[in-house]
Amino acid sequence: MKTEPKSLCRIRRTYKYNKSTILAVLLAAALLCGCAGPLQDSAPNGGISQGSSGGGAVASAAMGRYVEEQIPANYKSYYATDIFPVEEGIYLARNQGMDELLVGDGQGVKAQELLSQDFLSVAESKAMVSMSVAENGARIYEYVEGGQRKRYFMTSAGEHLEWDYYGDGPAVFWYGRDGYFYVSSLRGSAGAGYTTALCRVDVETGETEYLWDIPQAVINISVCGDYLFAGYNDGHDCGIMIYSISGREQLEEDKVLTEALQKYLEGSMNTERHPYLIAASQTGEGVYVLTREGLFRHVIYGTVMEQVIEGSLCSIGDISKLFTAMCVTEGGSGGMPVFWLAYDSGEAVRFVYNKEIPAVPDTLVRVYSLHNDNNVRQAVAGYQSRHPELYVRYETGMAEGDGQTEEDALKNLATQIATGDGPDVLVMDGLPYDSYVEKGILMDLSEMYARLAAEEEYFGNVADGFCREGKRYAIPAAFQFTVLMGEREMIEGIDDLEEFASLLEGLETEGTSKIGLLTEDRILKAMAMVSGGWVNEKGELDREALNRFLSLCRRVYAADRAEMGREEVQEEIGLRANRLWYTRHGASVYDFMNGNDLYCRNTLSDSYCFYGNPLFMGSMGGDILTELNYLVSELAFLGKDYRVFSDGDTACMPVSMLAVNRASGVQVEAEAFLQYALCADFQKSVVMNGVPINKDALYEMEKSSLDHWPGHYSSMSWNYDGQREESVVLEIEWSSGEDLRKLNDLLDGIDRTNVCDTMIYNTVMELGRQAVNGEKDVEETVDAIAEKVRIYLAE
Amino acid sequence: MRKKYGFTWLSKLMFLLPGILGICVFTLIPFLDVLKRSFYTSLSKEFCGLANYRAVLQNQAFRLAAYHTARFAGVCLPLLLVVGLGLALAMDRYPFLEKWKAMYLFPMAMPGASIVLVWKLFFARQGLLNGFLGSRIDFFQGENAFWMLAFIYIWRNLGYTLVLWLAALKAVPGEVLEAARMDGAGNAESFFYITLPCLKGNCFTITVLSLLNVFKVFREAYLISGPYPPAEAYLLQYVFHNWYANLDFDKMAAGAVLSAAVAGSTVLLLKRIWDKGEGKL
Amino acid sequence: MKDSLMKRAGCGVRHEELFAGKGGKMGKRHKIAGTVKKYTVTMAVAGLGISFLLPILILLSGSLADALEWQGRAEALALDTEGYVDWKWIPDYPTLEQYKRLLFYSPAFLKLFWNSVRMAGMILAGQLLVGIPGAWALASFRFKGRGALFTGYVILMLLPFQVTMLSRYLVVRQLGLLDTAGAVTLPAVFSTFPVFLVYRSFRSIPPELPEAARIDGAGEWRIFVRIGIPLARGGILAAMVLDFLESWNMVEEPLAFLKDKSLWPLSLYLPEIGLSQAGFSCAASLVTICMSWFVFRIFSDSLEKGIINSGL
């Protein structure tokens, strides 16, 4: 017995250094090398930049941050193409030649005119396409005359020399601030692949030197010292290529930079309004990178993107302002650099470091929405810039590409609210409004609304939809509605979905769809936009209404496809999938705006129609007046008309529904924020998604739109498949007073808001499919839906 | 002797103390807090006695979920145990089969999100299985949903069940079995009279673990069907989850305490049946 | 000898009846039947095993296809038409692009990967230090209330995370751990789960051994380390492997307690499963699984040994 313990203890552990261990070690090594050593990362970023997605490291009692200053320029409404430091100050170049010199003194910045008469005389009479100016006054520019591109290099003495290095191809000019203009010219096509030819022009002599070809579609070129950053996006692939100018060679990719900028590159192919900017710092190795999230400092091939300015705290985060140019100068207070930034609206701002104020203001106002909401984002940016003593933070429950689901985000929100950590302003889109009202979470806004409505006019018919027992708990900032388009006689008198279904059934088309919806999914969504709710006052499911809805959908489905064969239907669906803009509501007027292959000639009547369909339906939910311009012009072209689509009474879909948390510690500020978001000043000055709820704002916008009428707003051209030679050009005009009046009447006629409970909506969408395409009986499906909803309602 | 006893008592305590402290803070306190919440209203924190319990018991959704959870556990647990045991027996009998063990463990290593992707590809109406069979069965509705859930559960948990059963089987003393065989007992007899009784303790462990995992299957099921699955697959977890998101913390707490009580008493009952050796050693 | 063996195994069996001898049926017929049986069983076990691997094969095949190919394949699913998913086990244009993107162009993935490793490592280390000794105490010390304590441990496991999330959030917040790794690792370290698993193996150690050691004057800790752990190695390793998998695949705790995304573990990285990202997501899943697989392989051998040794 005594010896037993000892012998057992002699069991040694033998590690087999077999294949698996070696493989494991190799994998670990590969992973370590493959990345840029995240283990050494001590900074909180390392490729993941802190942003306004909420919850980032909130500063302690640190002091000092960048404050934004507006620059009082003379020619604010002229788009600024470039901004760079010169000996006397900062040169601000505008595309018509209305340049300015910004000189900063102790009191702020003053702008001096710097009009170059030699250029102005040309710019006045020509339509400038692209221009770049250098320190010495030399310019290189391109304009279009008589369908031809003409390019000139203007010396610093004012002499205009023709410059046609690229022949007829398009060229974009960039000033490298190193004594050269850089010119990029795109060649090739999507199929064969793009290349960009790069050359540079000496600003003193006008001599052109060919540099090299970049094998991608470049949309942005930045020169920082010896580095040349070329941002590209060819539709599939995007990224940043780095070149050494002196060595004429491509350098290795900077992975951290690429990762940080990738999502901005993906969304853009615009060479004028840049999704990001890179500028050199005048001292040291780093560059400054500007994105929507803020300004970052980065050492090339380093691992960190260090945030210098938080985007959401200033106009950088304002999505309605698009960047055009940026530069950095030294000599700010405390040795911190000063940043100068120009926006496409013509405004210019600068950021100066102030070490007296706290890094983050004391009072925090949290604005929360489940998904990213651009209306609210702009409101936050605007409110923040007016109140630098506050920190207004916009948080989204769901960021993109996460492992989270909507329900998880809801649960986190519930946790926050329950523990008293809840946000101050809630955007109720996607949140269970009635449930929250029941639990007494939301503040009663009736008083505030009464005050607001006394001073400015609102769409009361829309706002009233949120009253519960006479009290208001949320106010939408905007709303969307659906329009039906087709020949006037056809769509007149269609007052509810019944008549709509009958109309479709009675239509005859030759082998094409009638309204282009075709799939069960889209039909359900489109009809749901206008249908009444399916819950009665007692909170139960209204089976009759649902039954009617589904039967109508089924009729529409059958009618839509009636004239087409099965393969044709499949083909159509496949084609449309790539072209149409899938919105939450099934179809949008934006589909329409895009033109390109949307119209084709109806061989029977030799007139144009939408995809060959006599009717079209879509929701208007973006920049309303712009959409209206397109809508009216295109409808006139097609000889058709539009009306608001309704089912008995007219419904609209409210968006950006704002509410205040009753338990908030900053109720006054939160209410003030709502007031700001709903006031005319704000709503008319930004691009809202949907019709602004502030009627005064809408009327103001209409007035300024009328100023341009009659006039040319834009033009579209396209050719459609099969007939490449035939190209159509359509002029888009500004809407006339009559068109605007018609719109206003339609909006005033809205009777109710269509706020459908998310769960019921999703269930109907899911289970309704089988009723619509005939696989199941409508009664059966209503039963199934009722079953499912019963559980939900019973909870 | 006296001194040593006192000393060992302290060192014995040190074995348990850190664990118990930590458990108290991170597990016991939340547990008690939930218990407390079940007697108060959700956000306004007013005492309301048993009102929550009454509301929960009368709540249709809860009853439905409880029924289905019980059904799920009743069907799947034995199934899992039996299949696991069968496989373990096979591997025990033919030791060369043990290398297949790793394959059964793979499902446990798969992260939930990728399971969902594969599942959707596999079970969708246009998915691989339907393609293979040439049918259009909707696996996400009705009864099918229940079996799909059961399948996911078994697929995930078979691995460790197998491992644990195997370990348990190996602990059955070999000499006894040999002696039985020499004396002429057949396979079935030696199994039922020797092996099985020895496994009782382990059976208890595995059952409790599998019961816990019934609750954990929620995550995948939720990723697949969303927060409102068809009725047959509506488990208790869904109710709690939805109550939570709707800020009904009081009902959730009451429901949880009820279900924990039921589960707890089942476990205790099983312990009594299977783990009688407690305290004897 | 038989009796004492039986007693040690703790089985109460009517062994007298058994050994009364019923006469077995041995013979050549059985040998053939035996082989047939062997093959059927092998087929069944292997077949089931391979079918269990099917999802992994799907992932593998999916990760080798790039986005374009996925689009083509999954067209039926995305557009919801009548066809079927056009699946090819070997992609038309196999490419390692997804892996390249994952390993070299996604610093976020690697960062989260190391987060996961760190978290899992800390949790396992903590459980070893805290849970295993606790299990030993419960299994082999005799004291009043031991049964009740053990029952308490079991009951505490029965509340799912869902339910205690709010309360735990409050506790974690009180301790100032919100938004740090501790918020996730500490509760896991003090979980009763490993105690429960390892308890069983400790119980199977015959009590005479530690008794004897005690009489010989060994301290409690030495007994635990020299006797307890080696004998229960199999069980401990099995528990560790299971715990590793649990902590590796943790999803709800980090979501609830960690707001800062740079602290998230890998299990939360896999993007929302849109079909456009499917290939990338497959690659990411596979790499995640590989790590777990390596742990298996490294420990499985020790596991085997441990089990055999513990049977002594």
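This report walks through selected features of a predicted model.

## Confidence in chain B

The model is predicted, and each residue carries a confidence score. For chain B, the mean pLDDT is 81. In that chain, 95% of the residues score at least 70.

Helix 3 (residues 60–93) of chain B has the highest mean pLDDT, at 88. Helix 6 (residues 128–133) of chain B has the lowest, at 77. Where pLDDT is low, the predicted coordinates should not be read in detail.

## A sheet with strand 1 of chain A

Chain A holds an open sheet of 4 strands, in the order 1-24-23-22. Its pairing is antiparallel. Strand 1 (63–70) and strand 22 (323–329) of chain A are the edge strands, and each pairs on one side only. From one strand to the next, the twist averages 25°.

Look next at strand 23 (residues 338–343) and strand 24 (residues 348–358) of chain A. They run antiparallel and are joined by 4 bridges. F339(A) has its bridge partner in strand 24 of chain A: F351(A).

## A sheet with a helix packed on it

Another open sheet in chain A has 4 strands, ordered 18-19-20-21. The pairing here is antiparallel. Strand 18 (277–280) and strand 21 (305–310) of chain A each have a single partner strand, so one side of each is left without a neighbour in the sheet. The twist averages 25° from one strand to the next.

Strand 19 (residues 286–291) and strand 20 (residues 294–299) of chain A run antiparallel, with 6 bridges joining them. Y288(A) has R297(A), in strand 20 of chain A, as its bridge partner. Helix 4 (residues 255–266) of chain A packs on this sheet. That helix touches strand 19, strand 20 and strand 21 of chain A. The direction of helix 4 makes about 20° with that of strand 19 of chain A.

Y152(A) sits in strand 8 (residues 148–154) of chain A. Is Y152(A) buried or exposed? Y152(A) is buried, because 20 other C-beta atoms lie within 10 Å, and a residue counts as buried at 20 or more.

Leaving aside residues up to four places away in sequence, Y152(A) touches Y141(A), H160(A), L161(A), E162(A) and W163(A). T196(A) is 44 residues from Y152(A) along the chain. The C-alpha atoms of these two residues are separated by 20 Å.

## Where chain A meets chain B

Helix 6 (residues 406–418) of chain A and helix 11 (residues 236–245) of chain B have axes that come within 8 Å. The axes cross at roughly 55°. That angle makes helix 6 of chain A oblique to helix 11 of chain B.

Which residues of helix 6 of chain A meet helix 11 of chain B? They are E407(A), L410(A), K411(A) and A414(A).

## Where chain B meets chain C

Chain B also touches chain C. Here 91 residues of chain B are in contact with 90 residues of chain C. Helix 1 (residues 2–37) of chain B supplies the largest share of chain B's side, with 18 residues. That side of chain B has 63 nonpolar, 21 polar and 7 charged residues.

Definitions and conventions: Residues are numbered from 1 along each chain as its sequence is written. Chains are lettered from A and ligands numbered from 1 in the order in which they are written. This is a predicted model: local features need pLDDT of at least 70, side-chain atom pairs count only at pLDDT 80 or more; totals for chains, interfaces and linings use all residues. Two strands pair if DSSP finds at least two bridges between them. Helices (H or I, at least four residues) and strands (E, at least two) are DSSP runs, numbered from the N terminus. Axes are lines fitted to C-alpha atoms, for helices over the stretch in contact, and angles run from 0 to 180 degrees between N-to-C directions. Two residues are in contact if their C-beta atoms, placed from the backbone, lie within 7 Å. Ala, Val, Leu, Ile, Met, Phe, Trp, Tyr, Cys and Pro count as nonpolar, Asp, Glu, Lys and Arg as charged, and the others, Gly among them, as polar. pLDDT is the predictor's confidence in each residue, from 0 to 100. Angles under 35 degrees count as roughly parallel, over 145 as roughly antiparallel, 65 to 115 as roughly perpendicular and the rest as oblique. A residue is buried if 20 or more other C-beta atoms lie within 10 Å of its own, exposed if 12 or fewer, and partly exposed in between; C-beta atoms are placed from the backbone.
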